[in-house]
Amino acid sequence: IHYFDNQLEDKPIIIFVHGFGGDGKISWWDQAKYFSDEYRVIVPDIYWFGKSYSDDTPSLEEQIQLVKQIVKTENLSSVNLVGISYGGFISLGYAQEYPSDLKTLSIVDSPGAAMSQKEIVEFCQRVGAESVQDAFIPESEEEVERLMNFAFYDPPKLTSGIREGTIGIYFSKHPEKQAVLLEELPSNRSRVDGVVDVPVLILWGEEDQVFLVREAKELQKQLDAELEIIPGAGHALPEEKPKEFNKYLELFVEKYQD
């Protein structure tokens, strides 16, 4: 398990959990910089992304246990847990399994039990992919471009060479393992379909093409959560609108610190 830790042991703790593609550092760069002065910031690479790897069978439970292992190893309590997209499923599952470890939970562009097979089919149709695996595990520079186009409201301009160079490094590093994670995710619906016994914030990009705003509103009802919808941002909300994202997250987390 590889993770960044600024080791400010006398500060409130935030753990940021990334989603599909990239690693913790790339996904949460702006947040790690912003919060590192006043918080203990921990940013793991989840299994089969970045520098973290396991020989066990890929599953959501394995990812939940990765976070738990960090919490145990570092002897953490009152954690503010933040997860985006697939990392949101990990974080929701963690909150249901280990609520006593958490102070707050923040879910970013991740629908939990609001995701149904109908939503999955509609997403694939929207982005022109044959399957979720096809969409999130690109095998060519054209597929990388498609992923960037649906993940960002204003996609970064990357050359053909850069797009191709991301395959096997930023995207699709362990494609077989990652495919299993996506295949088994719908079977975990019950793991993210309950009440969470900590304060919850939901942050969502208004232009998200992966998970639509209607799913954010359904999740808000399920979790009795606060909801902030940020305009001019897609699925990659923390990267596209870091100032707005950081402001809402900081205000929420500060409310619940001792």
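**Before you start**

The model is predicted: local features need pLDDT of at least 70, side-chain atom pairs count only at pLDDT 80 or more, and totals for chains, interfaces and linings use all residues. Residues are numbered from 1 along each chain as its sequence is written, and side-chain values use heavy atoms, with hydrogens and water left out.

**Stop 1: the sheet**

Select the strands. Helices (H or I, at least four residues) and strands (E, at least two) are DSSP runs, numbered from the N terminus. Seven strands form an open sheet in the order β1-β3-β2-β4-β5-β6-β7, with mixed pairing. Two strands pair if DSSP finds at least two bridges between them. β1 and β7 (226-230) are the edge strands, each pairing on one side only. From one strand to the next, the twist averages 15°.

Now select 13-17 and 79-84. These are β2 and β4, paired in the parallel sense over five bridges. Find Ile14; opposite stands Asn80 in β4.

**Stop 2: helices on the sheet**

Contact means heavy atoms within 4.5 Å. Axes are lines fitted to C-alpha atoms, for helices over the stretch in contact, and angles run from 0 to 180 degrees between N-to-C directions.

Next, select 213-223. Helix α10 lies across β5 (102-108), β6 (200-205) and β7. It runs at about 175° to β6.

**Stop 3: helix α9**

Which residues of α9 are buried? Pick out Gln178, Ala179, Leu181, Leu182 and Glu184. Buried means under 20% relative accessible area, exposed over 50%, partly exposed in between (1.4 Å probe, protein chains only). Show α3, α4 and α6 too: they are included in what covers the buried residues of α9.

**Stop 4: the second largest pocket**

Rolling a probe the size of a water molecule over the atoms shows where empty space is left. On a 1 Å grid over the protein atoms alone, a cavity is a set of points where a 1.4 Å probe fits but cannot get out; a pocket is an open set with protein on both sides within 12 Å along at least five of seven lines; lining residues have an atom within 4 Å of a point. Grid points are joined across faces, edges and corners, and a volume is the space filled by probe spheres set on the points.

Stay with α9 (175-184), which supplies at least two lining residues here, as do α4 (86-97), α5 (117-127) and α6 (132-136). The largest share, four residues, comes from α5. The volume is about 300 Å³. Of the 18 lining residues, Met115, Val132, Leu182, Leu185 and Phe211 lie nearest the centre. Leu182 is also one of the buried residues of α9.

**Stop 5: the largest pocket**

Select His2, Asp23, Gly24, Lys25 and Ile26, the closest to the centre among 19 lining residues. This pocket has a volume of about 370 Å³. β1 (3-5), α1 (24-27) and α2 (29-35) each give two or more residues to the lining.

**Stop 6: the cavity**

How many cavities of 30 Å³ or more are there? The count comes to one. Select Phe20, Tyr170, His235, Ala236 and Glu239, the closest to its centre of 19 lining residues. α7 (141-151) and α11 (237-240) give two or more residues to the lining. α7 gives the most, with four.
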